[in-house]
Amino acid sequence: MGGMRTLNLSLRPVLPEDAPLLHQLFLRSPGYFALIGMEPPALEDVARDLATLEKDERRRVFLLFLEEEAVGYLDYKLRYPEPEDATLSLLLIREDRQGQGLGRRALEHLLNHLLAGTERLYAVVYGNNARAKAFFQAQGFRHVKDGGPTLSWYVREL
């Protein structure tokens with residue numbers, strides 16, 4: 001009987017030259033974009049967004065890799081909305097890789113690497129995304145408020 005193999009999930013900062021890789025990841029997640037009522041962004045839009053990221057020292061973005069395969073994206077902002085907070089804007093796991101515990105593992109990594117002094121982690125859920133809402137609640141987040149029909153805020157005390 002063979003041994004059990006655990007696949008290694010790793011995170012690395014997104015670089016401007018990763019725009020094509022991130023674009024492909026977005027294209028392989030059409031359900032998410034349909035849920036929030038938009039098309040996946042064009043490659044030029046992804047490249048422009050990555051260039052903008054470099055100007056915000058509080059924002060952090062990572063690609064998630066399972067072994068050598070890009071399977072997700074993590075986008076959060078430090079010291080927002082208050083200095084002792086962080087806000088998770090997007091945790092996206094490629095649709096064909098969902099349900100494998102990757103989101104939970106990425107969230108654990110984030111929690112272990114937040115700045116000292118961070119007291120709360122907010123999570124923003126866009127659209128009527130029942131699966132994302134259930135995920136965050138299962139991870140110890142509680143609903144705080146709705147920011148309109150397409151935006152819900154959750155928080156986890158750290």
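How many bridges pair β3 and β4, and in which sense? I counted through the pairing and got 7 bridges, antiparallel. For pairing I required at least two DSSP bridges between two strands. Strands are DSSP runs of E with at least two residues, helices are runs of H or I with at least four, and both are numbered from the N terminus.

**Ground rules.** I am working on a predicted model, where local features need pLDDT of at least 70 and side-chain atom pairs count only at pLDDT 80 or more, while totals for chains, interfaces and linings use all residues. Residues are numbered from 1 along each chain as its sequence is written, and side-chain values use heavy atoms, with hydrogens and water left out.

**Entry: the sheet.** I traced 7 strands in an open sheet with mixed pairing. The order reads β1-β2-β3-β4-β5-β7-β6. From one strand to the next, the twist averages 30°. I take axes as lines fitted to C-alpha atoms, for helices over the stretch in contact, with angles from 0 to 180 degrees between N-to-C directions.

I then looked at β5 and β7 (151-157), which run antiparallel and are joined by 7 bridges. V125 has S152 of β7 as its bridge partner. Helix α4 packs on the sheet and touches β1, β2 (59-66), β3, β4, β5 and β7. Its direction makes about 155° with that of β4. Contact here means heavy atoms within 4.5 Å.

Entry: Of the 10 residues of β3, 9 are buried. I use buried for under 20% relative accessible area, exposed for over 50%, and partly exposed for values in between (1.4 Å probe, protein chains only). On one side, β3 pairs with β2 in the antiparallel sense over 8 bridges. There L64 stands opposite G72. Towards β4, Y73 stands opposite L92.

The β2-β3 hairpin has 2 residues between its strands. E67 is partly exposed, at 34% relative accessible area.

The β3-β4 hairpin has 6 residues between the strands. R79 sits in this loop and takes a positive phi near 55°. R79 also counts as partly exposed, at 34%. I noted a cis peptide bond between Y80 and P81, with omega about 5°. P81 belongs to the loop between β3 and β4. Most residues other than glycine have a negative phi, and most peptide bonds are trans.

**Entry: pockets.** I searched on a 1 Å grid over the protein atoms alone, with a 1.4 Å probe; a pocket is an open set of points with protein on both sides within 12 Å along at least five of seven lines, and lining residues have an atom within 4 Å of a point. Points are joined across faces, edges and corners, and a volume is the space filled by probe spheres set on them.

The largest pocket holds about 590 Å³. I list 26 lining residues, with L91, Q98, N129, R131 and A132 nearest the centre. At least two residues each come from α2 (30-35), β4 (85-93), α4 (102-113), β5 (120-126) and α5 (130-138). β4 gives the most, with 6 residues. The lining splits into 14 nonpolar, 8 polar and 4 charged residues. I count Ala, Val, Leu, Ile, Met, Phe, Trp, Tyr, Cys and Pro as nonpolar, Asp, Glu, Lys and Arg as charged, and the others, Gly among them, as polar.

The second largest pocket has a volume of about 450 Å³. Among its 20 lining residues, D49, R59, Y73, D75 and L90 are closest to the centre. Two or more residues each come from α1 (19-27), α2, α3 (43-53), β3 (69-78) and β4. The largest share, 4 residues, is from α3. By class I get 14 nonpolar, 2 polar and 4 charged.

**Entry: two single residues.** Is S29 buried or exposed? S29 is buried, at 0% relative accessible area. S29 lies in the loop between α1 and α2. Leaving out residues up to four places away in sequence, S29 touches L92, I93, R94 and E95.

I also looked up K133, in helix α5. Beyond four places in sequence, K133 is in contact with V125, G127, N128, S152 and Y154. From K133 to R59 I read 74 residues in sequence and 23 Å in space, C-alpha to C-alpha.
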